[in-house]
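Work through the exercises below with the sequence and the coordinates open. Each task is followed by a solution in steps.

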Amino acid sequence: MDKSQKALALILNKVLSGVMNLSSEDIDKLSDKGYDIDLRVVRKRTKDEVEQVPFEDFKALVEKLTSFSSRDEASDFLLRTFETKKPVEQLARSLDIPILKQDKVETLRDKIIEATVGARIRSEAIKGKA
């Protein structure tokens, strides 16, 4: 088997795998002349490619978040710093914030802000410093 045959076998294997992952409804649609197959090539992400922030960096992030004078500044910082949900979840876990599976990234950002700058502002208000 030469290189092109191996590549073709790999491609056909991927197409077969995609067909095997179709739902029974999609399989039924394929027997209808009104439907067609549209192939899409997507890149799989490996675990190494997932955005990881070292734990030591979270300590510095928490100190910076706590130092902001308002929740809006902290929110802007989080928006600029993290583009995806995964590192926001990691930061929330480092703060021992309860995370629900259905929490969206905006909800997680709000929880982090309340646990950092929000807690500091509330504490200062209670002490009469605000």
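**Exercise 1: threonine 116**

Task: find which residues threonine 116 is in contact with, leaving aside its neighbours within four places in sequence.

Solution. Threonine 116 is in contact with Val62, Leu65, Thr66 and Leu95, where contact means heavy atoms within 4.5 Å. This is a predicted model, in which local features need pLDDT of at least 70 and side-chain atom pairs count only at pLDDT 80 or more, while totals for chains, interfaces and linings use all residues. Residues are numbered from 1 along each chain as its sequence is written, and side-chain values use heavy atoms, with hydrogens and water left out.

Threonine 116 counts as buried because its relative accessibility is 3% (buried is under 20% relative accessible area, exposed over 50%, partly exposed in between, with a 1.4 Å probe and protein chains only).

**Exercise 2: helix H6**

Task: compare the reach of H6 with the expected span, then locate its kink.

Solution. H6 has 22 residues, and its first and last C-alpha are 30 Å apart, close to the 32 Å expected at 1.5 Å a residue; the expected span is 1.5 Å times one less than the number of residues. The kink is about 45 degrees and is centred on glycine 118 (the bend is the angle between axes fitted to the seven residues ending at a residue and the seven starting there). Glycine 118 is also among the buried residues of H6, which include Arg109 and Ile112. Just after H6, glycine 128 has a positive phi of about 80 degrees.

**Exercise 3: the largest nonpolar core**

Task: which members of the largest nonpolar core touch the most other members?

Solution. The core has 18 residues, and Leu65, Leu78, Leu91 and Ile112 touch the most other members. At least two residues each come from H3 (55-67), H4 (71-81), H5 (85-94) and H6 (105-126). H6 supplies the largest share, five residues. A nonpolar core is a set of buried Ala, Val, Leu, Ile, Met, Phe, Trp, Tyr and Cys residues joined through side-chain atoms within 4.5 Å. Beyond four places in sequence, leucine 65 touches residues including Leu78, Leu91, Ile112 and Thr116.

**Exercise 4: aspartate 96**

Task: is aspartate 96 buried or exposed?

Solution. Aspartate 96 is in the loop between H5 and H6. With a relative accessible area of 69%, aspartate 96 is exposed. Its phi is positive, about 60 degrees, although aspartate 96 is not a glycine.

Key: Helices (H or I, at least four residues) and strands (E, at least two) are DSSP runs, numbered from the N terminus.
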